Amino acid sequence: MSDRLHAASAAAAPELLLIGVGLMGRPYVRAAHRLGLRVRAVEAESRADEARGIVDELELSQGQYGALDELWAESAYEAAQRRRPDGVLAFTESHVLAAALLQDRLGLPGPSLQAASLSRNKALQRGRFRVHGVGQPDYRLTGSLTEAGPWASTRFPVIVKPLSSAGSEGVELVPNLTAYRETADRRRTEGLLLVETAAQGPEYSWEALVQDGKVWFANLTAKETTGPPNFVELTHRVAVRLPAREAAVVDALGESVIEAIGMRTGLVHLEFRMTATGPQVMEVAVRTPGDYLMDLCSLAYGIDWFEMVVRLAVGAQLPPPPEAPVRYAASHFVVSEPGVVVAVEGLDEVREHPAVVDAGVSAAVGDRIGETSSSGQRTGFAVLSAASPEELEEALAHVRRTLTITTVDQTRTRPGRGARV
């Protein structure tokens, strides 16, 4: 189904086909329009109204966010058959394979069909990294956690995770045999799972803009999480600088991962831990990272990362890469205690802080909050930018103190506050 919003004469402009728009993908549309591109989007029927007002043409899909890659691909095939685009760009994880299939078929710039396939399957990544000598945890792929019990029993703590997920969904740390048996019983119907040794050390992500297999520019992000069992992300600081020796190790890691997955052109988001024996990769993706990381990188380096990705997708010329950060940027998220929300406080005060670029909450008084096990269950956020690391830390401390969501667990008498740090 096609919804044409602009005059037919607009079709003469070069066209970007965007697979998925969502909320955090809207800057791609704005960047494309600044570059004089026409934007046609394939979007889920449930989000059509959100996208209809900002793109030039809309193609509806029965695909869903986080799933149904096949339906996204079907809609993408039909869109390309109606009119050949000048570039194809995936928004998030469930769109990656559909975009790569088109890029491969039409000979357009993209990560490569191989890189996209690996992005969608963590077990495929593990096998590829093993033969390429990329540092990673020891692992076992299993259709039965019970059968993998003898292997896990000599390696506790271990991580159990699904093959295709994002935002920590389905990821949990299992500390001992008793907990492992409970997990095996609880997750016995999930099908294939990865069991991995739990890497110990600071957590980072590496975001890179890659052109023809070469890194054009890269960023390092330091992360804070809730810790075990689910490691839901709380705070991200971009433009992190490591000591020279560690920085060289990270650069080498990024290059080895790009080679291992066959990455050609586009965006790479690599997550790893820096352990006592070196970095160990947790996973890699060739799509837009969440938690406003693209916005943070744009603020920190003075270039629009969304625009750079669009330029890569249509084969446009890139400007000279940044030489150094021009600002310091971070995002912070609220994780609320389980219970019924009785107060949401501090949002207006947080928004008034000069370092806060954006902030919001997704919980209201009366809502019931469950245990947080993935990024999608967090209840508030703030995006910050400051002229110095010291100012950024002061602003983060202000957000942590001020933006609170208070809950009451009705099975207990004590209330819970809303920000775990």
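This is a predicted model: local features need pLDDT of at least 70, side-chain atom pairs count only at pLDDT 80 or more; totals for chains, interfaces and linings use all residues.
Strand β5 runs parallel to β2, which covers residues 15-19, and four bridges join the two. Across this pairing, I19 stands opposite A90.

Several elements each supply at least two lining residues: β5, α4 (96-106), β13 (266-275) and α11 (305-314). The largest share, four residues, comes from α4. By class, the lining of the largest cavity has 15 nonpolar residues, five polar and one charged.

The second largest cavity holds about 50 Å³ of space. Its lining is made up of T142, G143, S144, L145, A184, R187, R188, E190, G191 and L193. Here the classes come to three nonpolar, four polar and three charged residues.

The backbone has some points that call for a separate look. Most residues other than glycine have a negative phi, and most peptide bonds are trans. Against that background, the peptide bond between F156 and P157 is cis, with omega about 0°. P157 sits in the loop between α7 (149-153) and β7 (158-161). A cis bond also links P228 to P229, with omega near 10°. P229 belongs to the loop between β11 (214-225) and β12 (233-237).

Positive phi values occur at L68 and at D291. For L68, phi is near 60°, and the residue lies in the loop between β4 (57-61) and α3 (69-82). For D291, phi is likewise near 60°, and its place is the loop between β14 (278-285) and α10 (293-301). What is the relative accessible area of L68? The value is 34%, so L68 is partly exposed. D291 has a relative accessibility of 8% and therefore counts as buried, the cut-off being under 20%.

Definitions and conventions: Residues are numbered from 1 along each chain as its sequence is written. Side-chain values use heavy atoms; hydrogens and water are left out. Two strands pair if DSSP finds at least two bridges between them. Ala, Val, Leu, Ile, Met, Phe, Trp, Tyr, Cys and Pro count as nonpolar, Asp, Glu, Lys and Arg as charged, and the others, Gly among them, as polar. On a 1 Å grid over the protein atoms alone, a cavity is a set of points where a 1.4 Å probe fits but cannot get out, and a pocket is an open set with protein on both sides within 12 Å along at least five of seven lines; lining residues have an atom within 4 Å of a point. Grid points are joined across faces, edges and corners, and a volume is the space filled by probe spheres set on the points. Buried means under 20% relative accessible area, exposed over 50%, partly exposed in between (1.4 Å probe, protein chains only).
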